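Please examine the sequence and the structure before reading on.

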Amino acid sequence: MTWVVNTIRMQALKTREQDMNWKLLQISQRLIDLGNYGASIGDGMISDSEASSMPAAFQNRTLGFMYNSMQNAVPSANNKLDEYMALRNDMGPIYSNGANGNGTFGDGMTDAQWSEMCDSIYQGFLKTELEEYSKQETEKIHVEEKKIQQEKLQLETQLKAIQAEYEGISKAVDNDIKNSAIKLA
């Protein structure tokens with residue numbers, strides 16, 4: 001009669017096994033999504049196509065990153081450009097109208113060349129700041145990945161224990177049925 005109790009236990013274990021497999025599937029998908037998010041923020045910017053292809057679970061995080069990265073990087077890049085310009089001004093006169101008022105800079109650059117150079121320097125500072133913000137977010141992603149990996153390992157360990165228990169009970173049920181069968185000789 002113990003085979004009836006064991007059969008019921010086997011059904012309960014199968015249900016738990018299916019639940020664990022579902023959780024493992026969800027965790028694996030979270031790891032994939034997190035990896036995709038991490039790859040998207042590598043340069044500090046997320047393109048519109050990358051943002052629109054993010055899974056729903058990462059939409060808020062993606063939009064937050066896009067907003068915060070620019071909110072943090074732009075003022076910092078502006079400050080660095082101001083410091084650069086102040087340092088350059090301290091090194092000598094930058095702009096000189098000269099006697100003829102030709103509107104060239106002390107190093108012979110025109111207004112357009114000077115503006116282009118400043119924009120190039122600013123873009124370099126901005127890129128550096130965006131990459132720094134991306135590094136900070138990437139560190140958070142690595143911590144989260146480790147936590148998810150530990151959760152996955154724990155579930156896999158539990159799943160193996162459930163499968164081992166199921167196999168043991170299955171063998172016991174088979175033996176109980178063999179032993180309780182009517183023997184005709």
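**Surface patch and salt bridges**

Trp-3 counts as partly exposed because its relative accessibility is 33% (partly exposed lies between buried, under 20% relative accessible area, and exposed, over 50%, with a 1.4 Å probe and protein chains only). The model is predicted: local features need pLDDT of at least 70 and side-chain atom pairs pLDDT 80 or more, while totals for chains, interfaces and linings use all residues. Residues are numbered from 1 along each chain as its sequence is written, and side-chain values use heavy atoms, without hydrogens and water.

**Nonpolar patch**

- Trp-3 lies in helix H1 (helices are DSSP runs of H or I with at least four residues, numbered from the N terminus).
- Together with Val-4, Ile-8 and Ile-177, Trp-3 forms a nonpolar surface patch with about 330 Å² of accessible area (Shrake-Rupley method, 1.4 Å probe, only the protein chains shown counting as cover).
- Such a patch joins nonpolar side chains (Val, Leu, Ile, Met, Phe, Trp, Tyr) within 5 Å, from residues with over 30% relative accessible area and no salt bridge.

**Salt bridges**

- The structure holds seven salt bridges (a side-chain nitrogen of Lys or Arg within 4 Å of a carboxyl oxygen of Asp or Glu).
- Glu-165 and Arg-9 form one of them, at 2.7 Å from N to O.
- This pair links distant parts of the chain, with Glu-165 in helix H4 and Arg-9 in helix H1, 156 residues apart.
- Arg-61, Glu-137, Lys-140 and Glu-144 are linked in a network of salt bridges.
- Glu-137 counts as buried, because its relative accessibility is 8%.

Definitions and conventions: Patches are made of residues with over 30% relative accessible area and no salt bridge: like charges are joined within 9 Å, nonpolar side chains (Val, Leu, Ile, Met, Phe, Trp, Tyr) within 5 Å. Helices (H or I, at least four residues) and strands (E, at least two) are DSSP runs, numbered from the N terminus.
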